[in-house]
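Here are my notes on the model, as numbered points. Please read them with the structure open.

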Amino acid sequence: MGRKKSTAASGLATLFILCVASLALFTIYVKEGDCEQGGDCGPLHTVQLGAAEVLQPVRSIFATVFSPVTNTGERIMGAFDNTREQKLEREVRETEELAAQASRLERENAELRELLKGQRSEYQYGPLAQVVAPVGDQFTQRIIINVGTQDGVEANMPVVIGQSTLVGRTAEVSRHTAQVMLITDQMFAAGVRIIPPAKFDPSSGEISPAVTDEDVSYGQGLLGTDLEGYLGVDLVSTSARAEEGDFIVTSGRAGDKELLFPPGLYVGKVESVSSQDIDQFKKIVVEPAMNPQDLEEVRVITDWAGRNG
Amino acid sequence: MAVAALLDAVVVPYLTFGFFSPRLTLIAVVFAAAPLRDLQAVLLGFFGGVLLDALGGDLFGVGALGGLLAAALAARASAVRRKGTERVLLAQVAGIAVAAYGLLGYTARWLAGLAVPHLSEYAVWGILPDALMNALIAFLIGGWLLQIINVKPQHTWESGG
């Protein structure tokens with residue numbers, strides 16, 4: 001009897017002590033920062049980065065295994081909202097389109113590879129990086145790539161596909177891997193400009209000089225994803241020009257961090273613009289140029305002309 | 001437990017849809033802690049949670065606290081179980097543990113100053129379906145897990161055998 005009581009008491013005491021230990025771990029983790037200030041990581045972040053390094057080969061294997069499953073899953077999800085007859089009709093259409101789609105994808109793939117080979121002279125790129133796997137929880141949109149500090153990559157560097165299509169920015173970086181916060185992550189923010197199609201070439205990243213004229217007022221704002229998952233541009237004045245189909249490019253500012261991204265990185269297109277009389281800012285929804293599911297190879301911009309003012 | 005934590009870190013990101021994701025480590029903790037004494041159960045839950053924190057990229061300490069809670073609930077529930085109902089009971093415990101873990105994760109993100117949805121919205125569309133789905137998963141794999149952990153008690157001088 002006495003033995004049982006002492007066991008229960010010791011269990012309760014241990015529970016209390018471990019609760020305090022868990023809270024202490026959480027507090028230390030939050031206080032030690034996120035490795036983004038001068039690359040100085042605390043012990044708990046170091047443990048996670050070490051685990052990410054060790055798990056990289058396993059993640060690569062699972063990424064290969066899950067690739068066809070993910071694609072099939074997307075097709076299945078897309079088919080759910082149709083009736084049986086429509087589904088059958090679409091299957092027939094899909095079969096007919098398969099050959100054309102395959103050749104188109106092949107051509108696109110070749111073009112993208114060519115783009116990845118190309119470099120803009122004003123940017124200094126890190127080595128071509130393979131996307132290892134998605135990471136994170138329900139609230140985050142992040143991937144791991146196979147370049148790290150050994151390749152000159154640091155935290156808060158822009159990550160692109162092609163020459164200048166923005167994918168996200170590096171977050172936590174270890175020796176051989178880096179976590180990339182995608183533009184669709186709720187914590188991502190970047191200063192952007194809204195430019196008419198005639199003034200910007202997304203394939204080359206070239207902006208017409210007229211855009212920088214002082215008398216032209218194109219929309220500017222802060223790119224971010226809201227809690228419902230919509231990528232949009234906030235803080236765009238209702239008087240500024242912004243229309244459906246316009247291009248979104250970085251302005252070179254991100255909140256209070258000056259020049260976190262170089263100006264002119266292509267983000268996506270304006271999908272819709274709306275505002276009411278009482279609104280101070282326009283509500284702009286953006287269709288991103290990149291699809292997280294399609295990312296295979298990316299490149300980190302390690303430096304660019306005019307970065308330090 | 002280690003396998004569950006590894007799967008949680010490597011495979012589960014592919015199986016996350018909206019607010020739902022399988023919580024394999026928590027389910028493993030619940031089933032592994034059930035036949036143990038309180039002290040052993042909470043230690044198992046805590047270190048299982050720490051493993052989950054270390055292998056994942058989320059806020060450190062949330063997994064440890066979640067694992068601890070799951071183990072404590074499982075140990076308490078196993079004290080009142082009736083023979084033949086373990087699977088259903090532990091599936092319920094897994095559901096409650098997942099709900100508690102979701103709430104802990106939400107609170108931790110809020111305390112850390114990270115973006116969080118409205119609590120009511122998250123509770124209805126996030127925590128509730130997540131808990132139900134994980135309880136279902138726990139029920140489905142529960143029979144197999146119980147077979148793994150169901151070792152016959154050794155006759156020692158303590159049990160009088």
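1. Contact range in chain B. Take the contacts between residues at least 6 apart in sequence: 68% of them join residues at least 24 apart. Note that this is a predicted model.

2. Make-up of chain B. There are 6 helices and 0 strands. Along the sequence the pattern reads α-α-α-α-α-α. Of the 161 residues in chain B, 48% are buried.

3. The α4(B)/α5(B) pair. How do these two helices run relative to each other? Their axes come within 9 Å and cross at roughly 155°. Angles over 145 degrees count as roughly antiparallel, so α4(B) is roughly antiparallel to α5(B). The crossing of α4(B) past α5(B) is right-handed.

4. Residues in that pair. From α4(B), the contact uses B:Val62, B:Leu65, B:Gly66, B:Leu69, B:Ala70, B:Leu73, B:Ala74 and B:Ala77. Those from α5(B) include B:Leu89, B:Val93, B:Ile96, B:Tyr101, B:Leu104 and B:Gly105. By class, the contact of α4(B) with α5(B) has 16 nonpolar and 2 polar residues, with no charged ones.

5. The interface with chain A. On chain B, 32 residues are in contact with 35 residues of chain A. Four helices of chain B each supply at least two residues of this side: α1 (2–10), α3 (38–55), α4 (62–80) and α5 (86–111). The most comes from α3(B), with 7 residues. The side of chain B that touches chain A divides into 24 nonpolar, 4 polar and 4 charged residues.

6. A point to keep in view. Both α4 and α5 of chain B supply residues to the side that touches chain A, and α4(B) and α5(B) also contact each other.

Note on methods
Residues are numbered from 1 along each chain as its sequence is written. Chains are lettered from A and ligands numbered from 1 in the order in which they are written. This is a predicted model: local features need pLDDT of at least 70, side-chain atom pairs count only at pLDDT 80 or more; totals for chains, interfaces and linings use all residues. Two residues are in contact if their C-beta atoms, placed from the backbone, lie within 7 Å. Ala, Val, Leu, Ile, Met, Phe, Trp, Tyr, Cys and Pro count as nonpolar, Asp, Glu, Lys and Arg as charged, and the others, Gly among them, as polar. Axes are lines fitted to C-alpha atoms, for helices over the stretch in contact, and angles run from 0 to 180 degrees between N-to-C directions. Angles under 35 degrees count as roughly parallel, over 145 as roughly antiparallel, 65 to 115 as roughly perpendicular and the rest as oblique. A crossing is left-handed if the near helix is turned anticlockwise from the far one by less than a right angle, and right-handed if clockwise. A residue is buried if 20 or more other C-beta atoms lie within 10 Å of its own, exposed if 12 or fewer, and partly exposed in between; C-beta atoms are placed from the backbone.
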